[in-house]
Amino acid sequence: MRRTAAFGRSAGELTGHRAFALGRAADRVHALAASRATPPDTLHDVTASVVRALAAVARDAAHLSTPGGGPCQACGALSARDGETLANRPDGTVVRHGSAVAKAHAPGTDPVAHRTRLAVAAHPALAGVLLPPLPHPPDGPAQARPVSAWPYGAPVDPGDPDAAPWEDAAVLLARLHRIAPAGLTGLPGPLPPMRGPAKAAAAMARLEAAAADHPAAPDVRRAWARLPAWARGQSPPPAHGRVRRSALCHGDLHLGQLVRHPTPDGPWLLIDVDDLGLGDPAWDLARPAAWFAAGLLPPEIWQRFLGAYTAANGPAVTRADDPWPQLDVPAKALTVQTAALALAKSAAEGRQPDEVERAVLEACTRIGTQPPELEFETPS
Amino acid sequence: MQCPKCHAAMHTYNRNSVQIEQCSGCRGIFLDYGELEALTRLESQWAQQAPPAPQAYPAAPAPAAPAWGAPHHGGHHGHHRQRSFGRMLFSS
């Protein structure tokens, strides 16, 4: 209810005047994105332009503003071009202005799936689970980067991961997974698939592009090849067997996907719906599971996370004392994904994988050399 | 039945009319009394050994882990490791 009220208030504040300003700033992002036949030496300039345009979107979403630019009436000294860049990656640029952030999503984002994911985040059934968006700008040209606007939430302190809200994350996931997808009416399109397997495949593509010749790459490939096709994003998940059910999934859980809203003491909420959709809910537990399996996440933190999930009746695993029948494949996939990105990143930075990255690479080696399962008969 | 080694669930398979329990985690195989002899008699190709006899269980059992998991956890808590893992915790 609290969330619905906050959302309603934001919507009420969106006058025609502000909607116009929001649309103009968004058009600039779209225009920039549409002109992205960009030689590498000007990529930085284009990125900077996207960031400036996003700052304007965030500014417009946060405050009453003057159409077409000028100083921000709410912040005075900040002009339309001022914003704090929170993230700037090819798959997402996020700029904050005051109480709002604007995000330019990945080029090539499916527009219907994107609008559906935003509508899920705004749906009353997800109140208290997903951060709802602010009214988002009109859609641009088909090839543009879609833009969305969100309230600013306070993230987990990266300098103090030990204080991370593991239990809150687990309970939010359990609540998300228990949402009946059929109850989400009024969406602009069908619920898209959760993009976890697609992201793992994209990580393998990055490995092949950036570090194909690294001595550790063959072990990563071997572990990848042993995953079932659905976990490699090459076929839909099976309707039976180890994938127990299809649930609404976040698709990219990590500690950067949690914020407190309202700041600074509001409840924790999940953010970033870019990979949200229907899939195996075990995928959302698989990254912490992979960290635990690699020997990186302390067993007691893994226990806290898993215990909070099962105590909240999360459906991804059938038994808290043995979650691995459901977690095994997704956790292997996340291990491969993390290892592939570690090789790509370390190659890009001209260094060897560090100790933590090596722990994940070693897990890949074990996955690739594990004795096969007895599969000649169905287990009883 | 739980695996005495890693505590994961064991699944029952039937091979040449002999019941075999295999751990879903570490893939270890458990044979009941007489089953190994039965398999030997049947001249099957099995060369695997039964997992070691149950050791003393730890007071607080460690969480179940997959067979491909790290042999042991923690031990290193250097500054660089913490910083690097901190980055990993926050990235896609």
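A:Asp272 is buried, with 25 other C-beta atoms within 10 Å. A residue is called buried if 20 or more other C-beta atoms lie within 10 Å of its own, exposed if 12 or fewer, and partly exposed in between; the C-beta atoms are placed from the backbone. The model described here is predicted; local features need a pLDDT of at least 70, side-chain atom pairs count only at pLDDT 80 or more, and totals for chains, interfaces and linings use all residues. Residues are numbered from 1 along each chain as its sequence is written, while chains are lettered from A and ligands numbered from 1 in the order in which they are written.

A:Asp272 is not a glycine, yet its phi is positive, at about 70 degrees. A:Asp272 sits in the loop between β8 and β9 (277-279) of chain A. Helices (H or I, at least four residues) and strands (E, at least two) are DSSP runs, numbered from the N terminus. Is A:Asn313 buried or exposed? A:Asn313 counts as exposed, because it has 11 C-beta neighbours inside 10 Å.

Two cis peptide bonds also deserve a look. One joins A:His261 and A:Pro262, with omega at about -5 degrees. A:Pro262 lies in the loop between β7 (258-260) and β8 (268-270) of chain A. Another cis bond runs from A:Thr263 to A:Pro264, and its omega is near -5 degrees. A:Pro264 is likewise found in the loop between β7 and β8 of chain A.

Chain A as a whole comes next. Its secondary structure comes to eleven helices and nine strands. Of its 380 residues, 47% are buried. Two residues are in contact if their C-beta atoms, placed from the backbone, lie within 7 Å. Among chain A contacts between residues at least 6 apart in sequence, 75% join residues at least 24 apart.

Chain A is divided into domain 1 (2-152) and domain 2 (175-182 + 191-369). These bounds come from an automatic or database domain assignment. The contact between the domains takes 16 residues from domain 1 of chain A and 15 residues from domain 2 of chain A. Which helix gives the most to the side of domain 1 of chain A that touches domain 2 of chain A? Helix α4 (residues 111-122) of chain A does, with six residues. By class, this side of domain 1 has eleven nonpolar, four polar and one charged residues. Here Ala, Val, Leu, Ile, Met, Phe, Trp, Tyr, Cys and Pro count as nonpolar, Asp, Glu, Lys and Arg as charged, and the others, Gly among them, as polar.

Chain B has two helices and three strands. From the N terminus on, the order of its elements is β-β-β-α-α. Of its 92 residues, 26% count as buried. Contacts between residues 24 or more positions apart make up 25% of the chain B contacts with a separation of 6 or more.

Two strands pair if DSSP finds at least two bridges between them. Strand β1 (residues 10-15) of chain B and strand β2 (residues 18-23) of chain B are antiparallel, over six bridges. In this pairing, B:Arg15 stands opposite B:Val18 of β2(B). Strand β2(B) also runs antiparallel to strand β3 (residues 29-30) of chain B, and two bridges join them. There B:Glu21 stands opposite B:Phe30 in β3(B). β2(B) and β3(B) form a hairpin with five residues between them. In the turn, B:Arg27 has a positive phi of about 70 degrees.

The two chains meet. In all, 36 residues of chain A are in contact with 33 residues of chain B. On the chain A side, the elements that give two or more residues are α9 (299-311), α10 (324-348) and α11 (355-369) of chain A. The largest share, six residues, comes from α11(A). By class, the side of chain A that touches chain B has 19 nonpolar, seven polar and ten charged residues.

The model scores ipTM 0.78 and pTM 0.76. The pLDDT is the predictor's confidence in each residue, from 0 to 100. Chain B averages a pLDDT of 74, and 70% of its residues score at least 70. Within chain B, confidence is lowest in helix α1 (residues 35-41) of chain B, at a mean of 72. It is highest in helix α2 (residues 79-89) of chain B, at 85.
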